[in-house]
Amino acid sequence: MADLTIIILTFNEEIHISRVLESIRPIAQKVIVVDSHSTDHTVEIAQNLGAQILQNPFINQARQFQWAMDNTGIETAWVMRMDADEYLTAGLIDEIQSRLSTLDPAISGITLKRRVHFMGKWIKHGGAYPVKLLRIWRNGHAVIEQRWMDEHMVLIRGEMTEFRNDFIDENLNNLTWWVNKHNHYATREAVELLNQKYHFMNQVASPGIGIFTKQASQKKWVKKNLYSKMPLFVRSFFYFLFRFWLKFGFLDGRKGLMWHFLQGFWYRFLVDAKMYQIIWLSKKHNKSLAAVIREEFNLSIDQY
């Protein structure tokens with residue numbers, strides 16, 4: 001067992017919580033589940049499997065995770081972030097067990113490769129693999145970027161290394177659930193993109209922002225300097241073509257077509273549609289963007 005605390009955020013995750021907790025059992029000295037007042041059996045299952053449970057109202061992922069790091073009294077040398085619908089491969093479990101305690105003191109962060117499974121299929125192409133994320137860090141050496149969507153862990157001291165093996169992101173809910181989830185994500189992404197352009201939120205940056213993963217830095221640059229400058233709606237079309245043809249997403253077969261179309265076109269088009277609607281409602285009713293977001297989308301941006 002590693003000198004490691006693992007933090008998991010949950011809301012109604014009874015379909016996943018046993019799998020992730022059983023997966024991390026061999027490596028986690030302590031597991032902290034920060035729950036947003038689930039109405040199913042998530043908390044009961046997690047307690048029975050030995051997790052420490054805390055409750056905190058949910059505003060967004062970034063706020064919730066930073067709250068977890070600041071308020072749970074973590075005492076282990078290392079901290080790890082996991083989502084409830086993820087689990088570790090056997091190779092990654094072995095690698096964490098064998099390597100974590102032997103790393104050079106200069107190393108403060110570890111990037112892991114995420115492998116997405118959709119309807120039981122590993123999505124290997126279209127830029128979906130490998131996505132490299134900072135998921136393990138020395139206690140106190142990282143913060144989470146404060147954004148409404150697409151937040152990243154940021155190393156504030158030390159250097160990064162990369163482990164060879166993967167963890168798996170496999171959501172077991174049905175497609176209706178997936179669409180509803182991404183509908184909510186699209187609202188938050190629209191707010192984030194509008195705020196980057198119009199600066200209507202008093203959004204406070206994480207203290208001591210430091211090192212992003214190379215992949216995250218590249219993604220941010222492309223999003224800011226290329227994607228955001230393209231016309232609404234047109235950019236989602238070209239993004240899908242880029243992923244499906246130039247990045248060989250078509251090699252993922254029928255399920256891959258579903259994934260790349262929904263995640264790479266439908267979702268991005270929906271974000272643009274919500275951005276367009278917010279701006280249109282603002283002009284129509286002579287209200288600020290922030291007022292429209294609060295009233296029409298019920299987002300508590302004043303708390304941010």
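Strand 4 and strand 8 (residues 131-138) run antiparallel and are joined by 3 bridges, and within this pairing Val79 stands opposite Trp137 in strand 8. The model in which this pairing is seen is a predicted one. Strand 4 also pairs with strand 1 (residues 4-10), and here the two run parallel, with 6 bridges between them; in this case Ile6 stands opposite Met80 in strand 4. The two pairings of strand 4 are set out below.

| Partner of strand 4 | Direction | Bridges | Residues standing opposite |
|---|---|---|---|
| Strand 1 (residues 4-10) | parallel | 6 bridges | Ile6 and Met80 |

Strand 4 itself, which spans residues 78-83, is mostly covered, with 5 of its 6 residues buried. In a regular strand the side chains alternate between the two faces of the sheet.

Turning to the helices, helix 9 (residues 289-297) has as its buried residues Leu289, Ala290, Ala291, Val292, Ile293 and Phe297. These buried residues pack against two other helices, namely helix 5 (175-198) and helix 8 (253-285). After helix 9 comes Asn298, a residue whose phi is positive, near 55°.

Is Asn173 buried, exposed or partly exposed? Asn173 has a relative accessible area of 27% and is therefore partly exposed, since buried would require a value under 20% and exposed a value over 50%. When residues up to four places away in sequence are not counted, Asn173 touches Ile15 and His16. Asn173 and Ala190 are separated by 17 residues in sequence, and their C-alpha atoms are 24 Å apart in space.

For the protein as a whole, the secondary structure comes to 9 helices and 11 strands. The radius of gyration is 20 Å, which agrees with the value near 19 Å that a compact globule of 304 residues would have, and the C-alpha atoms fill a box of roughly 60 × 45 × 40 Å along the principal axes. Of the 304 residues, 50% count as buried. Among contacts between residues at least 6 apart in sequence, 74% join residues that are at least 24 apart.

The protein exposes about 14,900 Å², and carbon and sulfur atoms supply 54% of this area. Its charged side chains comprise 37 positive and 30 negative ones, and the centres of these two sets lie 8 Å apart.

Key: Residues are numbered from 1 along each chain as its sequence is written. This is a predicted model: local features need pLDDT of at least 70, side-chain atom pairs count only at pLDDT 80 or more; totals for chains, interfaces and linings use all residues. Side-chain values use heavy atoms; hydrogens and water are left out. Buried means under 20% relative accessible area, exposed over 50%, partly exposed in between (1.4 Å probe, protein chains only). Helices (H or I, at least four residues) and strands (E, at least two) are DSSP runs, numbered from the N terminus. Contact means heavy atoms within 4.5 Å. Two strands pair if DSSP finds at least two bridges between them. The radius of gyration is taken over C-alpha atoms; the globule rule is 2.2 Å times the number of residues to the power 0.38. Accessible areas come from the Shrake-Rupley method with a 1.4 Å probe; for residues, only the protein chains shown count as cover. Lys and Arg count as positive and Asp and Glu as negative; His and the chain ends are not counted. The place of a charge is taken as NZ of Lys, CZ of Arg, CG of Asp or CD of Glu.
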